[in-house]
Amino acid sequence: MTTRIEHWIDGAPYAGTSGRAAPVHNPATGAVIGEVALADAADTDHAVARALAAARTWRDAPLSRRSAVLFAFRELLNARTDELAALVTAEHGKVLSDAVGEVRRGLENVEFAAGIPQLLKGDHSEQAASGVDVHTVRQPLGVIAGITPFNFPAMVPLWMCAGAIACGNAFVLKPSEKDPSASLFLARLWKEAGLPDGVFTVLQGDREAVDGLLRHPDVAAVSFVGSTPVARHVHATAGAHGKRVQALGGAKNHALVLPDADIPSTADAIVSAAYGSAGERCMALSVAVAVGDAADPLVAALAERLPGLRVGDGTAPDTDMGPLITREHRDRVADYVARGADRGAEVVVDGRKADLPAEGWFLGPTLLDRVTPDMEVWTDEIFGPVLSVVRVDTFEEGVDLINSHTYANGTAIFTRDGGAARRFQREVEVGMVGVNVPIPVPVAHHSFGGWKDSLFGDTHMYGPEGIAFCTRAKVVTTRWPDPATSAIDLGFPQTR
Ligand code: NAD
């Protein structure tokens, strides 16, 4: 049975007029389970016009009211986490516990944004000059568009919309067309929480909808999360159209394992971070850089753990790892394994030969050893259940290898040596660093973002930088002069 997945405009489902649609699949079976509307220019114009109208009144909503809506939304999201997680699993394929985890991490952003009265307090300087006070306010931008990837259909929209709405903007979400239903679930919860119609919009679509938003004169800013080529395009196009833009791209996250690391717990951490969500996480650890004597025991410990991972339908309670998002992507990942082997990588565990369900787009966990920086399995983001081990002789060689990569989203060091860990966090050129923490996704009161080809733009997402992104500063200089002291003075105003 297929369901029609529509847009959400002005607080209600909207069918659209484009006549375009795309199938939505359950990757665990390969079956078509829905059909999502794909917006054209007319749908995009309609969505943005309604969002702009809503932004004009929502910007005046008192901070206490905005906060109350966010608290109500938080309660609803918390109460209905399992329903949302089930929707995520049905269209994405990740296991249910992982989907619950994604919703809970998104919830943190709502909780942070509920403190908006505190976050927007601004600064005040009394007597900045004689008789002059100066204060800064942060005001909303208007309509902010959010364009999100398939791999976190609930969390990444929540990263973006909670702060944007709390700051007094209207938010237009363009979710991934591969798993679009979570966005409509969020829309219904916002409405139930008391958010005025039009403040949260869902525009379903593909490249056509994205390009429409990037060029639209009434879209003030664009938050994007997805692959690097598209992030680059979004940054360039939105920038050329005068918009504020933050575009988060792909990743290749390395774990540096020093010889003094506790190998069993390090192997547990790396297996969890490499194969969780079938490696389809922007913070997945996809390369283990083993220093010196760490290599042999680490590879043995990793290999020993992989046969124990249960691959299957994410709705089954005992599954550890679900399918990949599409058949094409599964085949592309398998092809990387073949090319790695051709170039001389040692296939220690071959997920292509795993015992896998007959239906659906599965690939077993794969471990490659003796990977070198000239191989595509090291240079490219594979985005699947493939972990590469690169062997190096020294700490310095490991850090240089990590710093030579074009992606710089996350990284982690595994060691018992505090001095080495401190040196690593200072010298590594990566935006998010873990010390014995395999997936260092910052908590909501810090901000999320990589460096180099993992982020285009100046601000990281959510947290304090998210609040800065979603507002513009205005500085007010005030004087209440005594008419008796008034005089004409054509000199440039001085403060002393
Ligand atoms: P994607 O770039 O294919 O798609 C992202 C969004 O852009 C989707 O909404 C899609 O509809 C749209 N899009 C796709 N092609 C487009 C085009 N040519 N022009 C305009 N819009 C287009 O990414 P994906 O496959 O959905 O997600 C996986 C990627 O996202 C991986 O590279 C992953 O590392 C990255 N990601 C990064 C982060 C991060 O925080 N840095 C987080 C999650 C995912």
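I count two strands as paired if DSSP finds at least two bridges between them. Strands (E, at least two residues) and helices (H or I, at least four) are DSSP runs, numbered from the N terminus.

I worked on a predicted model, in which local features need pLDDT of at least 70, side-chain atom pairs count only at pLDDT 80 or more, and totals for chains, interfaces and linings use all residues. Residues are numbered from 1 along each chain as its sequence is written.

I looked up β15 and found it antiparallel to strand β16 (residues 366-369), with 3 bridges. V349 has L367 of β16 as its bridge partner.

**Sheet.** I traced an open sheet of 7 strands with mixed pairing, in the order β15-β16-β17-β14-β13-β19-β20. β15 (346-349) and β20 (432-435) stand at the edges with a single partner strand each, so one side of each lacks a neighbour in the sheet.

**Strand β14.** I then checked β14 (residues 285-291) and noted that 7 of its 7 residues are buried (20 or more other C-beta atoms, placed from the backbone, within 10 Å of a residue's own). β14 runs parallel to strand β13 (residues 253-257), joined by 5 bridges; H254 is partnered with V287 of β14. From β13 the chain passes through helix α10 (residues 263-275) to β14, a right-handed β-α-β crossover (clockwise from the first strand over the helix to the second, with the strands pointing away from the viewer). β14 also pairs in the parallel sense with strand β17 (residues 386-392), over 5 bridges, and V289 has V390 of β17 as its bridge partner.

Key:
A residue is buried if 20 or more other C-beta atoms lie within 10 Å of its own, exposed if 12 or fewer, and partly exposed in between; C-beta atoms are placed from the backbone.
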